[in-house]
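Visitor: I would like to go through some local features of this model with you. Please take them one at a time.

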Amino acid sequence: MVLHAAKSPFSNDVAHISFPAETDQVRNEVLAVEDFGGWAPAQIIGGEGAAQALAGHLERDALFSEEGVRKLNQLAGLVDAMDLEAQKVFAGALMVAHAKCLDDVLRVAGSLDSYELFPGIKTDEDLGRFLVDTAPITGKFIFAEEAKPYLDYAKIGAEQRKLLGGVHTEQGYVKRREVVQTQKEEKRPAFALTLASPAGAVRLDLPAPEDELEQAKAALRLDDLSGAVIREVEIGYPWGHLLSTDSVSLEDANTLAQCVRAMTSQDLKVFGAVLEVEGPSSFHEAGTIAMDIDDYELVTDSEREYGMEALRYAGAGDELLDILDGFTDFDALGRCEMETDGVRETSFGRVRRLSTPWPQQAEQGQTMY
């Protein structure tokens with residue numbers, strides 16, 4: 001992997017830095033560029049092959065610290081193994097993932113199989129036409145042939161691009177494969193209820209579409225399923241035992257199931273952790289939590305890393321952290337920051353609430369770090 005560093009994209013003095021490399025070697029190359037004609041901060045302006053996509057994603061500080069160069073050397077191994085097709089996916093995947101730092105870039109480079117490229121789709125109109133043309137296969141966006149000349153393909157494509165979280169690049173349309181996988185796994189029920197009436201009993205997988213609810217009403221000979229008795233509740237998730245099944249309504253269970261179905265694997269872990277902290281007394285309360293799942297996040301188990309991340313958030317770069325290392329008790333700082341942020345430890349990992357930190361342990365009665 002070769003990176004090009006200069007004071008600006010138009011600079012005549014450019015350092016060509018090959019990785020893997022030693023920290024002193026990289027530092028000297030960058031300083032030579034900055035010292036030429038007067039000091040100015042260097043920036044990565046490009047690279048060769050897949051490394052071209054890294055400009056704007058890597059910070060100058062990464063070139064000056066042992067940790068930063070170690071990560072760049074690790075990235076070099078991943079980048080150098082990419083063929084032309086993978087390089088195209090990589091460029092778009094960085095945009096899809098909103099990569100902002102070296103750690104983000106490493107995660108993307110190490111998980112390219114999670115992304116896919118459609119070379120023939122480069123605009124929203126291309127995407128809209130593709131979706132309509134493949135409708136007979138996918139079962140979506142089915143229109144009569146006589147209506148197609150009047151369709152706004154660009155609008156259809158724009159709406160679906162936002163929904164799928166993909167991006168257009170010079171090489172084509174790039175999106176996560178996870179979206180497709182989620183659609184394929186939709187047959188797996190989030191929950192299952194056994195409903196009973198004098199006419200018999202039925203098992204209903206949730207979330208249930210309207211036609212299945214109507215079929216259940218007909219089988220139970222009820223005008224409204226609220227009149228059915230819920231005999232059994234099945235929850236196939238590790239946090240199922242945290243949901244109270246003493247008083248369950250079909251409406252609340254179906255709403256919660258819809259929320260759970262829309263969650264990513266990471267969201268499901270976060271949800272379990274929040275259930276453990278909040279201890280909701282009903283499916284309705286759990287549904288409220290599920291609707292606000294973006295207000296919570298799992299955090300690192302390392303108090304040292306949490307303390308260092310707090311300093312990074314305050315503006316400290318890796319170079320400053322290297323200087324402070326050995327003179328600063330990052331673990332104590334991390335514990336203090338966790339208390340301030342209301343971090344709780346659960347069997348699903350440490351979690352915090354972003355909008356309003358949970359109260360301290362003495363007030364909340366939950367485990368806190």
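This is a predicted model: local features need pLDDT of at least 70, side-chain atom pairs count only at pLDDT 80 or more; totals for chains, interfaces and linings use all residues.

Visitor: Is strand β12 (residues 349-353) largely enclosed or exposed?

Guide: Buried here means under 20% relative accessible area. In β12, 4 of the 5 residues are buried, so the strand is largely enclosed by the rest of the structure.

Visitor: Which residue stands opposite Glu 297 in β12?

Guide: Strand β10 (residues 296-299) and β12 run antiparallel and are joined by 4 bridges. In β12, the residue standing opposite Glu 297 is Arg 352.

Visitor: Through how many residues does a hairpin join β11 to β12?

Guide: Strand β11 (residues 344-346) is joined to β12 by 3 bridges, and the two run antiparallel. Thr 346 stands opposite Gly 349 in β12. The hairpin joins β11 to β12 through 2 residues.

Visitor: Which residue just after α7 takes a positive phi?

Guide: Within α7, the buried residues include Tyr 153, Ile 156 and Leu 164. Just after α7, a positive phi of about 75° is taken by Gly 165.

Visitor: Are α11 and helix α12 (residues 283-291) parallel or oblique to each other?

Guide: Two packed helices are described by the angle between their axes and the distance between the axes. Here α11 and α12 pack with their axes 11 Å apart, at an angle of about 135°. Angles over 145 degrees would count as roughly antiparallel. The relation of α11 to α12 is therefore oblique.

Visitor: Which residues of α12 make the contact with α11?

Guide: α11 passes α12 in a right-handed crossing. From α11, the contact is made by Phe 271, Val 274, Leu 275 and Glu 278; from α12, by Ala 286, Ile 289 and Ala 290.

Visitor: How far apart in space are Ala 262 and Ala 290, C-alpha to C-alpha?

Guide: Ala 262 lies in the loop between α10 (250-261) and α11 (265-278). Its relative accessibility is 64%, so Ala 262 counts as exposed. Ala 262 and Ala 290 are 28 residues apart in sequence, and their C-alpha separation is 9.8 Å.

Visitor: What is omega for the cis peptide bond that joins Leu 206 and Pro 207?

Guide: Most peptide bonds are trans. Pro 207 is found in the loop between β8 (200-206) and α9 (210-220). For the cis bond from Leu 206 to Pro 207, omega is about 0°.

Visitor: Where is Pro 20 placed?

Guide: The peptide bond from Phe 19 to Pro 20 is cis, with omega near 10°. Pro 20 is placed in the loop between β2 (15-18) and α1 (23-35).

Visitor: Is His 98 buried or exposed?

Guide: His 98 lies in the loop between α3 (84-96) and α4 (102-109). Although His 98 is not a glycine, its phi is positive, at about 50°. With a relative accessible area of 59%, His 98 is exposed.

Visitor: What is the relative accessible area of Arg 221?

Guide: Arg 221 is found in the loop between α9 and β9 (229-235). Arg 221 is not a glycine, yet has a positive phi of about 55°. Arg 221 is exposed, and its relative accessible area is 73%.

Note on methods: Residues are numbered from 1 along each chain as its sequence is written. Side-chain values use heavy atoms; hydrogens and water are left out. Buried means under 20% relative accessible area, exposed over 50%, partly exposed in between (1.4 Å probe, protein chains only). Two strands pair if DSSP finds at least two bridges between them. Axes are lines fitted to C-alpha atoms, for helices over the stretch in contact, and angles run from 0 to 180 degrees between N-to-C directions. Angles under 35 degrees count as roughly parallel, over 145 as roughly antiparallel, 65 to 115 as roughly perpendicular and the rest as oblique. A crossing is left-handed if the near helix is turned anticlockwise from the far one by less than a right angle, and right-handed if clockwise. Contact means heavy atoms within 4.5 Å.
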